[in-house]
Amino acid sequence: MNEIVGSHDIVMITLDTLRYDAAVLEESNCPNLCAGGSWEKRHTPGSFTYAAHHAFFGGFLPTPANTDKASHVRLFHSRNTGLKTHPHTWLFDTPDIVSGLQAEGYRTMCIGGVIFFTKKVPLARVLPGYFMESYWRMTFGVTNPRSTEHQVNHALKLLDRAGSEERLFLFLNVSAIHGPNHYFVPGAKADSVETQRAALRYVDGELGRLFEALRARKRPVFCMAFSDHGTTYGEDGYHGHRLAHEAVWNVPYREFIL
């Protein structure tokens with residue numbers, strides 16, 4: 001990351017509520033998110049959006065789901081914590097990676113999706129408040145079947161207005177995979193792994209336009225795409241998330257260069 005920060009645009013995409021098993025089942029149908037690679041199984045630091053994103057912005061991304069310490073190299077870490085860090089880890093002096101990247105000259109932008117990014121109440125202003133610029137519209141939210149289309153359209157406008165010399169940190173919270181997602185399968189009456197898979201296929205199709213625009217910029221782009229948490233659809237009697245179940249804690253993760 002010490003070679004990435006300063007030389008690359010940086011994009012973080014959280015695929016809100018995407019289960020690891022659903023993501024793996026759809027790999028062959030996601031040519032944009034899974035181009036040249038596969039999902040890595042990781043453990044999330046939080047069981048719902050608000051908790052998980054606080055950790056992410058603090059530099060605590062999902063952790064590899066294995067005991068091999070060599071694979072647990074963090075991309076970001078707060079400086080001077082007294083803990084040993086890897087030479088490849090980018091250290092920041094600020095309370096979070098967003099302001100840390102801003103201190104390095106990045107323009108930080110947030111396109112929200114789920115309720116915690118709406119800015120409608122004080123609680124929903126906390127996460128967007130990390131960024132220099134933050135955006136949310138009703139069309140970006142979970143109740144709109146075309147939410148990712150609208151989010152990507154807004155991102156394209158921001159990229160079109162951004163200077164070619166500007167370094168960008170773009171954060172996108174994709175809401176479409178979060179419930180309700182049953183409307184992605186005609187005739188479905190309830191959310192399920194199958195309807196979430198259909199939502200992911202829709203999201204991947206829309207993200208292709210964003211990746212194409214990012215590739216057209218002057219500098220290369222380092223992209224992180226992962227889920228903040230999974231959810232349960234009746235497993236062991238559980239429904240939803242904000243609970244301790246493997247369907248919630250196991251999340252898909254990818255990082256790649258555009």
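Buried means under 20% relative accessible area. The legends below apply this cut-off to a predicted model.

Figure 1. The closest cysteine sulfur belongs to Cys34. It lies 12 Å from the sulfur of Cys223, too far for a bond.

Figure 2. A disulfide requires sulfur atoms within 2.5 Å.

**Figure 3. Helix α2, largely enclosed by the rest of the structure.** Helix α2 spans residues 49-57. Seven of its nine residues are buried, which means that the rest of the structure largely encloses this helix. The buried set consists of Thr49, Tyr50, Ala52, His53, Ala55, Phe56 and Phe57.

**Figure 4. The cover over helix α2.** Several elements contribute to what covers the buried residues of α2. Among them are the strands β1 (9-15), β8 (167-174) and β9 (221-226). Helix α3 (97-103) is also included. Contact here means heavy atoms within 4.5 Å.

**Figure 5. The whole protein chain, as context for the close-ups.** Six helices and 12 strands make up the secondary structure of the protein chain. The radius of gyration is 17 Å, close to the 18 Å from the globule rule for 258 residues, so the chain is as compact as a globular protein of that length. Along the principal axes, the C-alpha atoms fill a box of roughly 50 × 45 × 40 Å. Of the 258 residues, 52% count as buried. Among contacts with a separation of 6 or more, 70% come from residues 24 or more positions apart.

**Figure 6. Surface and charges of the protein chain.** The protein chain exposes about 11,300 Å². Carbon and sulfur atoms supply 53% of that area. The chain carries 26 positive and 26 negative charges. Their mean positions are 5 Å apart.

Note on methods: Residues numbered from 1 in each chain as written. Predicted model: local features only at pLDDT ≥ 70, side-chain atom pairs only at ≥ 80, totals over all residues. Heavy atoms only, no water. Helix = DSSP H or I, 4+ residues; strand = E, 2+ residues; numbered from the N terminus. Rg over C-alpha atoms; globule rule 2.2 N^0.38 Å. Buried < 20%, exposed > 50% of the residue type's maximum accessible area, 1.4 Å probe, protein only. Areas by Shrake-Rupley, 256 points an atom, 1.4 Å probe, with all protein chains shown as cover. Lys, Arg positive; Asp, Glu negative; His and termini not counted. Charge placed at Lys NZ, Arg CZ, Asp CG, Glu CD.
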